[in-house]
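Thanks for making the time this morning. I would like to walk through one structure with you, starting with a single chain and ending with a single helix.

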2 protein chains.
Amino acid sequence: MKRILIKELNEKFIGNTVKLQGWIKTVRRLGKITFMMVRDRSGIVQVVYEGDKVIPLIAEEAAISITGKVIKEERAPGGIEVHTLKEGIELLSGVVENLPFEVKKADQSVNPDKLYNHRALSLRNQKLYSIFLIQSALMNGFRQFLLQEGFTEISTPKIVASGTEGGTELFSVDYFEQKVYLAQSPQFYKQMMVGAGYERVFEVGKAYRAEKHDTSRHINEYVSLDFEMGFIENYQEIMDMETRLLSWLLNHLSLSCSNSFNLLGVSLPTVPEKIPAISVEQAREILKEKFTKQMPASGPDPAGERLLSKWASEELNSEWLFITGFPSTKRPFYTMFDPLKRNITWSFDLLFRGIEVTTGGQRIHDYHMLTDNMVKFGLNPEDYTSYLDIFKYGMPPHGGLAIGLERLTMKLCDLSNVREASLFPRDRNRLIP
Amino acid sequence: MKRILIKELNEKFIGNTVKLQGWIKTVRRLGKITFMMVRDRSGIVQVVYEGDKVIPLIAEEAAISITGKVIKEERAPGGIEVHTLKEGIELLSGVVENLPFEVKKADQSVNPDKLYNHRALSLRNQKLYSIFLIQSALMNGFRQFLLQEGFTEISTPKIVASGTEGGTELFSVDYFEQKVYLAQSPQFYKQMMVGAGYERVFEVGKAYRAEKHDTSRHINEYVSLDFEMGFIENYQEIMDMETRLLSWLLNHLSLSCSNSFNLLGVSLPTVPEKIPAISVEQAREILKEKFTKQMPASGPDPAGERLLSKWASEELNSEWLFITGFPSTKRPFYTMFDPLKRNITWSFDLLFRGIEVTTGGQRIHDYHMLTDNMVKFGLNPEDYTSYLDIFKYGMPPHGGLAIGLERLTMKLCDLSNVREASLFPRDRNRLIP
């Protein structure tokens, strides 16, 4: 008999014999009757077994196959249950050791280390499980929107001869006889691919930052949702593309993941037709006037980001806020600047629910302007020959952005630590599983 | 005026003024008339400029913006051309150095190193460009099929504390105070995610092999198309899923990339409803009988793969051939074996046009069988605690496979070297761009 998924069970099956496979979530015995909740990837159903003492195989979290009859039962969750006999229960894979924690309570645990040590088991908790269904839909939605917009997907190297942003915070790799690095971002490569003629490219790939600090918003290996587009008029086009992307993406999530969001008890944000944008200087004023807080020269710090988000949410009714016009000295050398005010870049961050989830902007496309700027930044253009190459041959005006997948997931799912939004987080202290 | 794409130009625009942006592919001057072929990401159109001497800006590969009138012209490619005046031509980004090669001849070059040194420029060649439109569609098609089949996308760490297959051929990374490695495959993680309750998972991600040899079929960083599925009955289910995947994928490619395949002058293979499968022992016989070639104990070598593919194509009319039943000693420790013939594994390779493009099989799901097998392989289960964990708590029967994206692309596009199917290939000698 062919297995059917639990979500496929409906009134049409009443009276029929079906085969289900999944994990036993709970077992209860009342007299001669055993009630099991069985879960597969699609749902949960109650299975009832009447007969002698509980079969020793029937343990919580064991993987089983059940062949039984579908019965209408008003009192069962979903109005349907499956009745089986001893011979209808097949153990596929047993539990060989006591569970380290109760799976159903894993989302409330006070010992995150224990959960991460048993990460796969903890993900059997329905809430934790939901986070990564949402993340899967997020990655897919990001790509589908951009494919519709004429973007091409690329996969660029994560092993690089030198760093993008000037050589700090890099992990080094022993590559045969050479010392090389893990890429901090696909920045150079996505720009090169714009210049290669694809014009619009995106990548969903790993990025690495050898940052030592241990915060709730940093992990050392993360997924960067990147896009880059050519023949732009200005950096607002990038912000407009992101606004449309987010709007599309949230609609996609509400259609594909409503169960997961309900389980998590969170509601999806709306994306305004135009996300409000303020300059770094306006941000400084707001922080000073409304919150009597000083802002560093580089732009808002984490506490400032939280306050600005709060302000935007309360005053502008938007959970999203662009910050623009970061100073040239605080952005990478390839960032386009305002030719009339050279210290102001045509760049932006996007804040969402108190945290920066995107960095983007227009890039310098003129070869001479770019090499001049490198020198201003204390870099030697000769160290960047292969990156600079395409700028010699008609590199169009372009720009792009990077969204941190785990940060966006964290905020959409109302998690308190970015690690919870990474399947197998990597930080200074955690390398397993 | 808003830019329109070249592919949008049609008879409806005749007589209208439009704005185009792209790169100048060729320039010809006849008397007072200049003919330019202008290309954007969507297509090519002829632009005609009548007037004084060629504007110095007009150089091949420069990025320009053209505002001009759409004219019906039977003799122009596509039956349409755009007429412009001096003031309708805007240079967006010039060419500051002589081109290192003729872009239109880049696909026939005899100096691949030069092409890779100027990779982005060489990709402006229409044939080389097409390869990565196909690759983008391949990645997307792989995911879309699996999402339809109830798979969840995952992103697993590429920084790992130890290797999957026993510690050889790993690149090491300096990770703060520790020495760690780049993942050779997501094998352990995708299995863990099956056990975490997702049952069916896939990943499109980088994999790293520190293999020193320099062949046309190896690169050191590649994209692995992985899936893994739980609650299977046997390993044939994995082969069936791959057959359906390939069939769907090739249909998807024929719908979305026919222009690219035409440009490359290659035709898409068909996928038989059932891809023929032979055992390693049958392969040995065939190689001996038909080609008087000895086969190594581990299975066919590259020359053997080519001969077996030739045989399948000629005798079975299939460009695809499964090889099954590899010996246990030649497959990783986690490979499920036939309990009646312990030396035979329930695993397979898929050959396509002379090369292995997939390795897959059923995995051991029983905790004790798995730890016993580790010991047989000379491994210490204590070194694999975090991987083994989920096997203690109801790990269902499962299996999966990995497809090499670049190899599949290479063979579909009839390329002679896998490097040509990697945007920025990495091998022992090449780390840039």
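**The barrel and the chain around it**

In chain A, five strands form a closed barrel in the order β1-β2-β3-β5-β4, and the pairing within it is mixed. From one strand to the next, the twist averages 55 degrees, where angles run from 0 to 180 degrees between N-to-C directions and axes are lines fitted to C-alpha atoms, for helices over the stretch in contact. Please keep in mind that this is a predicted model, in which local features need pLDDT of at least 70 and side-chain atom pairs count only at pLDDT 80 or more, while totals for chains, interfaces and linings use all residues. Residues are numbered from 1 along each chain as its sequence is written, and chains are lettered from A and ligands numbered from 1 in the order in which they are written.

A:Lys72 has A:Ile80 in β5(A) as its bridge partner.

Chain A as a whole has eleven helices and 18 strands, these being DSSP runs numbered from the N terminus, with helices as H or I of at least four residues and strands as E of at least two. Along the principal axes, its C-alpha atoms fill a box of roughly 85 × 55 × 40 Å. Of its 433 residues, 50% count as buried, a word that requires 20 or more other C-beta atoms within 10 Å of the residue's own, with C-beta atoms placed from the backbone.

**Where the chains meet**

How many residues does the contact take from chain A and from chain B? It takes 80 residues from chain A and 80 residues from chain B, with contact meaning that the C-beta atoms of two residues, placed from the backbone, lie within 7 Å. On the side of chain A that touches chain B, the largest share, eight residues, comes from helix α3 (residues 126-148) of chain A. By class, that side has 44 nonpolar, 17 polar and 19 charged residues, where Ala, Val, Leu, Ile, Met, Phe, Trp, Tyr, Cys and Pro count as nonpolar, Asp, Glu, Lys and Arg as charged, and the others, Gly among them, as polar.

Strand β8 (residues 172-175) of chain A also pairs with strand β8 (residues 172-175) of chain B, in the antiparallel sense and over three bridges. There, A:Ser172 stands opposite B:Asp174 in β8(B).

Let me finish with helix α11 (residues 405-412) of chain B, whose axis comes within 10 Å of that of helix α3 (residues 126-148) of chain B, the two crossing at roughly 125 degrees. The residues in contact are B:Ile131, B:Ile134, B:Gln135, B:Leu138 and B:Met139 of α3(B), together with B:Leu405, B:Leu408, B:Thr409 and B:Leu412 of α11(B). Seven of these are nonpolar, two are polar and none is charged.

Why is α11(B) described as largely enclosed by the rest of the structure? The reason is that eight of its eight residues are buried, among them B:Glu406, B:Arg407 and B:Lys411. Their cover includes α3, β11 (221-230), β16 (347-352), β17 (355-363) and β18 (398-404) of chain B. Just after α11(B), B:Asp414 takes a positive phi of about 60 degrees.

How values were computed. Pairing = 2+ DSSP bridges. Buried ≥ 20, exposed ≤ 12 C-beta atoms within 10 Å, placed from the backbone.
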